[in-house]
Amino acid sequence: MTQTAERTEAGERTALVELDSVSKYYGNIRALEGVSLEVHAGEISCVLGDNGAGKSTLIKIIAGLHRHDGGTFRIEGEETSLSSPREALDRGIATVYQDLAVVPLMPVWRNFFLGSEPTKGTGPFKRMDVEFMRRTTRAELLRMGIDLRDVDQPIGTLSGGERQCVAIARAVYFGAKVLVLDEPTAALGVKQSGVVLKYVAAARDAGLGVVLITHNPHHAYLVGDRFVLLKRGTMSGSHTRDGITLDELTRQMAGGNELDDLRHELERAPAPAHLGAVADGADGTGGTGEKQEKQEKQKDGGR
Amino acid sequence: MTATAPAPTPSPSPDTGAHADERLLKRSPLRKLLGRPELGSIVGAVAVFVFFAIFADSFLKASSLSTVLYASSTIGIMAVPVALLMIGGEFDLSAGVMVTTSALVSSMFSFQMTANTWVGVGVSLLVTLAIGVFNGVMLTRTDPPSFIITLGTFLMLTGLNLGLTKLISGTVSTKTIADMEGFPSAKAVFASTLTVGGVDFKITILWWLAFVVIATWILLRTRVGNWIFAVGGDEKAARAVGVPVDKTKIGLYMGVAFGAWVSGQHLLFSFDTVQSGEGVGNELIYIIAAVIGGCLITGGYGSAVGAAVGALIFGMTSKGIVFAEWNPDWFKFFLGAMLLLATLLNAWVRKRAEATK
Ligand SMILES: Nc1ncnc2c1ncn2[C@@H]1O[C@H](COP(=O)(O)OP(=O)(O)OP(=O)(O)O)[C@@H](O)[C@H]1O
Ligand SMILES: [Mg+2]
């Protein structure tokens, strides 16, 4: 396996966020075990995995919604365990959730500043700076290339991609150092996904460390610098960009060997197929490293 | 990755903003107006007003209008904080009896301790706010929905009101406190009558207006207002962006308690005794006024002005039927019809607002 540690960066700079063999249990359910992840400034770390692999659980630990049960969690080198999303925000970690990024019925500008509203005046006349909020929302969204017809419209009337972009723009505006995105492209079409990925890249260029959760290896490979693969709560791979090709990433995501097996079985459909007869390395494209990986995968798959 | 629906072929991508003009056409000023939560209630109020102006001969007399406003204000003082609570996504079924509790505490404390009535008024404020805090803390610390928790508070307060009053004064009502020190000044604050241009207006109308103005200010112009909309609209999202959800909800229950205190003191100082069984059922009237005023029963949407107008519709209907010399049984029918209409309108508004492209 290509370990990130091989391309050692120790001493160069500390990671913004570093998880080291972190575990999380929900009662007797093992949602995560031994997962490691590094997030550096100006880089995008992708977390890939199937449904239920533990991706959301992983980011909930980073976002302060859950505490981890094992392993270490460091923010800028300092070991921590976050107790609330507010604490995560205060330490520069902003999260855009899969499903709960915004309050649909509230206007865009209220959503943009929700939880961190600027005020003016004092005493009983302390009030939100509505003009500033409206203006800033419009300007910040424009900077990201979204020209809203009306910042007063309920955010629920925006498209899924636009909503994601508002959430990203909000995180960038509030000076987040780390931006965590849970499947920002999951519900989006090709074009909208492209738009969101563009903003993800823009956030990276602005110097943020980004954690991008996704099902889609193509999206991950377009922008990612590091890739962590999760499988049923464990880490099945951890790569840097120069350590893996898109094809290989896709293969591992899709289940590698299992998919090959499936294809061969389907091809031989007329014959009386039986399990276990499928030969190893059927396509012969991979190197030795890949073979080894495959064998490991097969062992995994057998469980 | 599956492909999306075919893109509108020749037009630029929707994110470039290159055809903002084309999209602007979609939003006319009329639609914007339709988006206001209180619109339905204002239309309803005008309709009810015109209706009774035609069918009830004495309805347009100044003295009648003053009676209508008084009836509306006693409901409105509670409907406004109840509306804020509903926008925050919760109910308070104890709001009706809490008014009575507040009056009883004030009266009995003054009577038993033979103190100045203002001391009773102050103690009552503390006790009533404590009940609000109790509701809020119970809700935020435990699982059951506010409907159940405040139903519990409602039953407990109903029992306490009757039980303690009987235990302390031996009857179902309190003894008069009219001869006590501070009574005239407290009456002036909570239950006096102001004469403007020869017409008598109850001071509760001023309280009502003050509640609307302050609640609207909080809701539309302060951070807390933003939080109220957020905790009612999507509690998880609010929590995730750092909104103090629990504090907001406890604060909303305290707002209802404050309304109950003002109403309770009005009750006490306008009659100088209190019937311990009063108030049951009023909680629903407050909720209905808020719903007619455009509050979504599911939270996250509504206005204080709307709730006040809802209370006004209540006042006009209940008194209008009397002025028209009709059988008061019709009142319930009108209310039911109004509530249904308002709910249908709200459902339509919500669908519009939440629709995703
Ligand atoms: N609160 C919870 N209590 C118990 N089990 C949970 C809880 N949250 C998640 N799980 C379990 O933990 C596992 C990982 O869930 P998680 O939501 O992290 O998956 P995911 O990778 O984000 O999936 P998806 O791609 O569908 O979003 C799942 O088996 C899930 O059933
Ligand atoms: Mg998930």
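## A walk through the predicted model

Let us begin with the cysteines: counted over all chains, the number of disulfides comes to zero. Please keep in mind that this is a predicted model.

Staying with chain A, look for a pair of strands. Strand S1 of chain A covers residues 17–26 and strand S2 of chain A covers residues 29–39; the two run antiparallel and are joined by seven bridges.

Now turn to chain B as a whole. Chain B holds 15 helices and two strands. It has 357 residues, of which 48% count as buried. Its accessible surface comes to about 16,400 Å², and carbon and sulfur atoms account for 71% of that. If you take the contacts in chain B between residues at least 6 apart in sequence, 75% of them join residues at least 24 apart.

Next come the charged side chains. Side chains of opposite charge can pair when their charged atoms come close. Over all chains, the count of salt bridges comes to 19. One of them, in chain A, links Arg134(A) with Asp152(A), whose closest N and O atoms are 3.1 Å apart. Arg134(A) sits in helix H4 of chain A (residues 130–143), while Asp152(A) sits in the loop between H4 and helix H5 (160–173) of chain A, so this pair ties together parts that are 18 residues apart in sequence. Both ends are partly exposed: Arg134(A) has a relative accessible area of 23%, and Asp152(A) has 27% relative accessibility.

Another salt bridge in chain A joins Asp205(A) and Arg204(A), with 3.2 Å between the closest N and O atoms. Here Asp205(A) is exposed at a relative accessible area of 58%, whereas Arg204(A) is partly exposed at 22%.

In chain B, Lys249(B) and Glu235(B) meet in a salt bridge with an N to O distance of 2.8 Å. Lys249(B) belongs to helix H12 of chain B (residues 245–271) and Glu235(B) to helix H11 of chain B (residues 235–240), so the bridge ties together parts that are 14 residues apart in sequence. Lys249(B) is buried, at 4% relative accessibility, while Glu235(B) is partly exposed, at 31%. Through shared partners, salt bridges join Glu90(B), Arg141(B), Glu235(B), Arg239(B), Asp246(B) and Lys249(B) into one network.

Our last stop is a charged residue without such a partner. Glu283(B) lies in helix H13 of chain B, which covers residues 282–292. Glu283(B) is buried but has no salt bridge, and the nearest side chain of opposite charge, that of Lys332(B), is 12 Å away. What does Glu283(B) touch, leaving aside residues up to four places away in sequence? Its contacts are Asp92(B), Leu93(B), Ala95(B), Gly96(B), Val97(B) and Phe154(B).

Note on methods:
Residues are numbered from 1 along each chain as its sequence is written. Chains are lettered from A and ligands numbered from 1 in the order in which they are written. This is a predicted model: local features need pLDDT of at least 70, side-chain atom pairs count only at pLDDT 80 or more; totals for chains, interfaces and linings use all residues. Side-chain values use heavy atoms; hydrogens and water are left out. Two strands pair if DSSP finds at least two bridges between them. Helices (H or I, at least four residues) and strands (E, at least two) are DSSP runs, numbered from the N terminus. A disulfide is a pair of cysteine sulfur atoms within 2.5 Å. Buried means under 20% relative accessible area, exposed over 50%, partly exposed in between (1.4 Å probe, protein chains only). Lys and Arg count as positive and Asp and Glu as negative; His and the chain ends are not counted. A salt bridge is a side-chain nitrogen of Lys or Arg within 4 Å of a carboxyl oxygen of Asp or Glu. Contact means heavy atoms within 4.5 Å. Accessible areas come from the Shrake-Rupley method with a 1.4 Å probe; for residues, only the protein chains shown count as cover.
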